[in-house]
Amino acid sequence: MSGYAAYGTRDGRFKGGGSLEVAFNRQLTRELTLSGRHDVLQLGAGENALTESNILSSILSRGDTRLSMVDEGDLAYEHEWHHGVTAFLGTRLRRIHANRYVPMRYPDGRPAGSVADASVRVGLRFAKDETVYRQPFDKQSLGSKYPITTLFFTAGIPGILDRSSRYCRIEGSLRYRPELPPLGYSDLTLQGGHISGRVPYLLLKLHEGNGTYFYDPYAFSCMDYYEFASDTWFAWFYEHHFNGILLGRLPLIKRLKWREVAICKGVWGTLSERNNGARPGSGAPLLFPPGMSSVSTPYVEAGFGIENILRICRVDFIWRLTHRDPQPGERIQRFAVNLGVQLKF
């Protein structure tokens, strides 16, 4: 069992949450989790982003956060059939409340107080010969020499909550880390998905922005939150770690044992007419906030990084290569410097 409580000194509101986890097997993960929370969340953040409760999220913030108050309840079950093959089943009730940072307006201009979502989700993950560090309630993947694939299907159920949407969402990912001696190794992640149905923009694929100076490998460093949304999308995240093949040949610098990294990330996506809240008369449930648009022209950013600084630090320099001209109501970042902490040997 776990729980927390908090109080916001500026908004004068209490927040909190808790969870109950039951593990049925210590060798293979077979776990039931019941959780709930009433808290502010950053929708559209990367999966490795700093949580809102992490003090570094404030220290390293660029001031681009657009937090939403969320009431959420989850019931999830994870069943690992055998090592490397895992199934997921869950249901979620969620209500996202509007505020001045994340406005919600109907096409006729009337304000909407909140967006509701009631859904069930099933998934499958396959990781051949994966190395895993296990504890009774937690496990950490240490990778595999084979691609790791996941596939999830989510169905929105109308009528359970007021104004909840009917939709189907399918999404999948592939992660692969090939060794390429003597040139180091690569980290490649491919993601894609499709949403069928008419949904408010908060339930679309909100492409992962980064509002901090902290490096997130699965978010776009020069993209703001709520900048792009899609109901069909494909994204890639690629890094190549040279393991010092270049910096290790430079006099003096080679003594520091710094290692270089090349980075390229991108996303392409489309919006059907029924979900394009940026276009008047499209029939979308809610209007987009100012600056949000489709990414039908691919978004691409690239750069380089230096890792193994003092054995634990990493610095990345990222340039935005496309969508460099801001739209009305939009403020864009063409260059970003990110910091990271990692242990590498």
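These legends go with a handful of close-up views of a predicted model.

The model is predicted, so local features need pLDDT of at least 70, side-chain atom pairs count only at pLDDT 80 or more, and totals for chains, interfaces and linings use all residues. Residues are numbered from 1 along each chain as its sequence is written, and side-chain values use heavy atoms, with hydrogens and water left out.

View A. (Rings of Phe, Tyr and Trp, the last by its six-membered ring, pair if their centres lie within 6.5 Å; planes under 30 degrees apart are stacked, over 60 edge-to-face, the rest tilted.) The pair links distant parts of the chain, 25 residues apart: Tyr201 is in the loop between β11 (185-197) and β12 (205-206), and Tyr226 is in the loop between β12 and β13 (229-230). Strands are DSSP runs of E, at least two residues, numbered from the N terminus. Tyr201 is buried at 1% relative accessible area, and Tyr226 is buried too, at 3%; buried means under 20%, exposed over 50%, and partly exposed in between, using a 1.4 Å probe and protein chains only.

**View B. Charges over tyrosine rings.** Arg175 puts its charged end over the ring of Tyr218, 4.3 Å from the centre. Tyr218 also belongs to one aromatic cluster with Phe220, Phe228, Phe237 and Tyr299. Over at Tyr146, the charged end of Lys128 sits 5.4 Å from the ring centre. (To qualify, NZ of Lys or CZ of Arg is within 6 Å of the ring centre and within 35 degrees of the ring normal.)

**View C. β15 with its partners β14 and β16.** Strands β14 (232-241) and β15 (259-270) pair antiparallel over 10 bridges, with Trp236 opposite Gly266. Another 9 bridges join β15 to β16 (299-309), also antiparallel; here Val267 has Tyr299 as its bridge partner. Pairing takes at least two DSSP bridges between the strands.

**View D. A nonpolar patch on the surface.** β2 (14-25) and β3 (30-41) each give two or more residues, and β2 gives the most, with 3. Leu32, in β3, is partly exposed at 32% relative accessible area.

Conventions
Helices (H or I, at least four residues) and strands (E, at least two) are DSSP runs, numbered from the N terminus. Patches are made of residues with over 30% relative accessible area and no salt bridge: like charges are joined within 9 Å, nonpolar side chains (Val, Leu, Ile, Met, Phe, Trp, Tyr) within 5 Å. Accessible areas come from the Shrake-Rupley method with a 1.4 Å probe; for residues, only the protein chains shown count as cover. A salt bridge is a side-chain nitrogen of Lys or Arg within 4 Å of a carboxyl oxygen of Asp or Glu.
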